[in-house]
Amino acid sequence: PISAAKAAFSGASERGSAVYRHLGFPIYEARLYTKGGAPLDWNEDFGLQLRYLRNFTQYDLVESTMREFSRTGGPLPVRAQLEGCFSDVRKGDRYLAVTDGPNRIAFSLNGKRTCTLSHPQISYRFMGIFLGYNSRSASFTRRLRGQ
């Protein structure tokens, strides 16, 4: 099977990984892929893989993303796009999100392309949920960024 790094983009290597927990329960394992494993540069394309450690419905994924957009900088009119991108996930499923410039993210579920999310500055807004300075867990974000 092709590695997530190779699936992300040519020259991608893992930069960091971390398990996100909520109330002590593991939710997902995240891996950051950058060109050559370099430090995250918001001006360069990168990939983020989430491997789910429990089951979630499409509704759970869309709602939690919309809540995080509101929490981290204001709501975005992308609910319908997210509903097309996200499906129910079971423990072990993997979503890979790869930026394509500042305004597009390509999503794949278990290696199969699901959609491209398009909106001005969506790469920073969506990826910032996990990698930004106001993420829900600073220690998770530091480990994910390989710091």
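**Close-up views of a predicted model**

View 1. Gly-16 has Leu-32 of strand 2 standing opposite, in a model that is predicted rather than determined by experiment. Strand 1 and strand 2 run antiparallel and are joined by 10 bridges. In the hairpin that these strands form, two residues lie between the strands, and Leu-23 adopts a positive phi near 55°. On strand 2, pairing continues with strand 3, again in an antiparallel sense, through six bridges. Within this second pairing, Arg-31 is placed opposite Gln-49 of strand 3.

**View 2. Salt bridges around Arg-31.** Arg-31, seen above opposite Gln-49 in strand 3, also forms a salt bridge with Glu-29, in which the closest N and O atoms are 2.9 Å apart. The two partners fall into separate accessibility classes, since Arg-31 is partly exposed with a relative accessible area of 21%, whereas Glu-29, at 14%, counts as buried.

View 3. The side chains of Glu-63 and Arg-79 come together in a salt bridge with an N to O distance of 2.4 Å. Because Glu-63 belongs to helix 2 and Arg-79 to helix 3, this pair ties together parts that are 16 residues apart in sequence. Glu-63 is buried, with a relative accessible area of 16%, while Arg-79 is partly exposed, with a value of 34%.

**View 4. The salt bridge between Glu-68 and Arg-136.** In this pair the closest N and O atoms of Glu-68 and Arg-136 are 2.6 Å apart. Glu-68 is buried, at 8% relative accessible area, and Arg-136 is exposed, at 52%. The search of the whole structure finds seven salt bridges.

**View 5. The largest pocket and its lining.** The largest pocket holds about 690 Å³ of space. It is lined by 29 residues, of which Ile-27, Tyr-28, Ser-64, Thr-65 and Glu-68 are the closest to its centre. Glu-68 is also the buried residue, at 8% relative accessible area, that forms the salt bridge with Arg-136. At least two lining residues come from each of strand 1, strand 2, strand 3, helix 2, strand 4 (94-99), helix 4 and helix 5. Helix 2 (58-73) makes the greatest contribution to the lining, with eight residues. By residue class, the lining of the largest pocket consists of 18 nonpolar, six polar and five charged residues.

**View 6. The burial of helix 4.** Helix 4, which spans residues 122-131 and supplies at least two residues to the lining of the largest pocket, is mostly covered, with nine of its 10 residues buried. Among the buried residues are Ile-122, Phe-126, Met-127, Ile-129, Phe-130 and Leu-131, together with Ser-123, Arg-125 and Gly-128.

**View 7. The disulfide between Cys-85 and Cys-115.** The count of disulfides in the model comes to one, and this bond joins Cys-85 to Cys-115 with an S to S distance of 1.9 Å. Cys-85 lies in helix 3 (residues 79-85) and Cys-115 in strand 6 (residues 112-118), so the pair ties together parts that are 30 residues apart in sequence. The torsion about the S-S bond is about 100°, and the disulfide is therefore right-handed. Both cysteines are classed as buried, Cys-85 with a relative accessible area of 1% and Cys-115 with one of 14%.

**View 8. Positive phi angles in two loops.** Most residues other than glycine have a negative phi. Asn-110, although not a glycine, has a positive phi of about 50°; this residue lies in the loop between strand 5 (104-109) and strand 6 and is partly exposed, with a relative accessible area of 46%. Gln-121, likewise not a glycine, has a positive phi of about 65°. Its place is in the loop between strand 6 and helix 4, where Gln-121 is partly exposed, with a relative accessible area of 47%.

Technical notes
Residues numbered from 1 in each chain as written. Predicted model: local features only at pLDDT ≥ 70, side-chain atom pairs only at ≥ 80, totals over all residues. Heavy atoms only, no water. 1 Å grid on protein atoms, 1.4 Å probe; cavity = no way out; pocket = protein on both sides within 12 Å on 5 of 7 lines; lining within 4 Å. Points joined across faces, edges and corners; volume = space filled by probe spheres on them. Helix = DSSP H or I, 4+ residues; strand = E, 2+ residues; numbered from the N terminus. Nonpolar A, V, L, I, M, F, W, Y, C, P; charged D, E, K, R; others polar. Disulfide = S-S within 2.5 Å. Buried < 20%, exposed > 50% of the residue type's maximum accessible area, 1.4 Å probe, protein only. Pairing = 2+ DSSP bridges. Salt bridge = Lys/Arg side-chain N within 4 Å of Asp/Glu carboxyl O.
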